Amino acid sequence: MTDKNEWKAAHDELLADARTRTGEPPAFDEVLALMNGQLPEQEAQRVRERLLAYPELMQIMVASAPEGTARPGDDDFIPDAEMSRRWAALQKRTVGKAPVVRSVINWRRAALGLAAALVLAMGGLLAEASSYARLKHELREPHVLGEEQLLTPDRHRGGSDVATIAAADGEWYVLSVSLIDATANAFRLTIVDAGTGSMLWRSPPLRRRESDTFTIQVPRALLRAGGKYQVIVYAGEGAAEERLETYTFVATGR
Amino acid sequence: MGDNEDDELAAKFRAIYERHYRAVVRFLINGLRVPAAEAEDIAQETFVRFWESIRDYRGEAEWAFLEIVARRVYFNKRRADLTEKRRVETNATSLDDIRHWQEPAAKHDDLADRELAQMIVRRLREAMRALPDKQRECLLMRLEGFKYEQIAAILAVTVDAVKSRLRDAKKKLHADLSDLERLPWPEVFPEDEP
């Protein structure tokens, strides 16, 4: 007689092996950097291996916030009186812990960390995107974005050749994708190496804007000259997320 | 720090508490699966951290900031627990400790059943171990309950790549375990569509 417990037992043994082999779990900041694509490949592989040995930590990084609010009777419902009690308890815990000034860059990086892996602008939000760019790339001076290059969805190209994209100012690709007939209000973008299927970048969830256009500023170093890549747009959120459009292009470098 | 500034910060903190405390607790219990008994402490620690950095806070991305602080607080707590557990296990030398880890899946009553279960676990473990790393990673995460999208995010690949690896893993496991009759297959593999 067999059942699915055997799979679980074998799985547990492999996990125990992996923990013995990889050692301590990775630190939060290491995992954050991994998920933001900020680690060199060798380091990323090392952190990923340690993370895989601790699925309970992985779960913390990828779990979504539940929708809606709790109602009386729910396990997470907090009545007003309990809110007041907890506020009083919180005040006791903050006594003697005066707020301090830290590096603004540090906490903003942390807050944006899971969300902003690259510079991203939507429609007219280039000014905001530029501030992300400074955070990410430590640029200390203003710079003017190069001319953006509009990509056509694969299904609308009618079999014509894929777009060939040059880095506009030698350092950045400025790619623009327009949504066609999209009805969702939430989106996500990824950039994928079309040759290997590897995801190079994943955007945070994005809200729909009036222009229905996303503009992505991509550092030249991210894309290999001559390589074929895809910008993929997903519509919806969480389990309802589905692929909306694919924009294939070839990067030519400078 | 002047009194006015103190008052302003305190008022700002109270407003943020009122706006988001319930959502943080909901996120902890029903998002991160924090046991209800622990959730209050983690939520309080999240807001203590927020208070400590409130001077840096400029009013944007309120929820995003709290969410990441909550993840960080709980991650660090679980990490500390795991590290401690690991230390204890590493130091465990009694035979009972070792037996505990070698115990096969429970609920098999007689010796024949237990031996069969042990054999199957051994075969499964070896078959999974023989999978290419990328396929094994995806399979272990699926057995752990992760969705395709979550696996894709962690491995920095597409959902299609995850499914493809799982299909390949299933083919190889089928080939390696074909002699095991009536082996139940967990529902972790994608449909066998092309």
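1. Arg48(A) is buried, with a relative accessible area of 9%, where buried means under 20% relative accessible area, exposed over 50% and partly exposed in between, for a 1.4 Å probe and protein chains only. Its side chain meets that of Glu41(A) in a salt bridge, with N to O at 4.0 Å, and Glu41(A), at 54% relative accessibility, counts as exposed. A salt bridge here is a side-chain nitrogen of Lys or Arg within 4 Å of a carboxyl oxygen of Asp or Glu.

2. A note on the basis of these values. This is a predicted model, in which local features need pLDDT of at least 70 and side-chain atom pairs count only at pLDDT 80 or more, while totals for chains, interfaces and linings use all residues; side-chain values use heavy atoms, with hydrogens and water left out. Residues are numbered from 1 along each chain as its sequence is written, and chains are lettered from A and ligands numbered from 1 in the order in which they are written.

3. Turning to the charged pairs between the chains, Glu40(B) forms a salt bridge with Arg86(A) at 3.8 Å, N to O; because Glu40(B) lies in helix α2 (residues 36-52) of chain B and Arg86(A) in helix α5 of chain A, the pair joins two chains. Glu40(B) is partly exposed at 22% relative accessibility, whereas Arg86(A), at 11%, counts as buried. The side chain of Glu40(B) also meets that of Arg85(A) in a salt bridge, at 2.9 Å from N to O.

4. Arg93(A) and Glu45(B) form a further salt bridge, their closest N and O atoms being 2.9 Å apart, and this pair crosses from helix α5 of chain A to helix α2 of chain B. Arg93(A) counts as partly exposed at 27% relative accessibility, while Glu45(B) is buried at 18%. Elsewhere, Glu13(A), Asp17(A), Arg125(B), Glu126(B) and Arg129(B) are linked in a network of salt bridges.

5. For the interface as a whole, the contact takes 81 residues from chain A and 81 residues from chain B, contact meaning heavy atoms within 4.5 Å. The area buried between the two chains is about 8,100 Å², of which carbon and sulfur atoms give 62%; buried area is the accessible area, with a 1.4 Å probe, that two parts lose on being put together, summed over both.

6. Which element gives the most to the side of chain A that touches chain B? The elements that give two or more residues to that side are α1, α2 (28-35), α3 (41-52), α4 (55-62), α5 (80-94), α6 (104-113) and β6 (199-202) of chain A, and α1(A) gives the most, with twelve residues. Helix α1 (residues 5-22) of chain A has 18 residues and reaches 25 Å from its first C-alpha to its last, close to the 26 Å expected at 1.5 Å a residue, the expected span being 1.5 Å times one less than the number of residues. Its buried residues include Trp7(A), His11(A), Leu14(A) and Arg19(A), and the helix is followed by Gly23(A), whose phi is positive, near 85°.

7. Chain B has eight helices and zero strands, helices being DSSP runs (H or I) of at least four residues and strands (E) of at least two, numbered from the N terminus. Buried residues make up 46% of its 194 residues.
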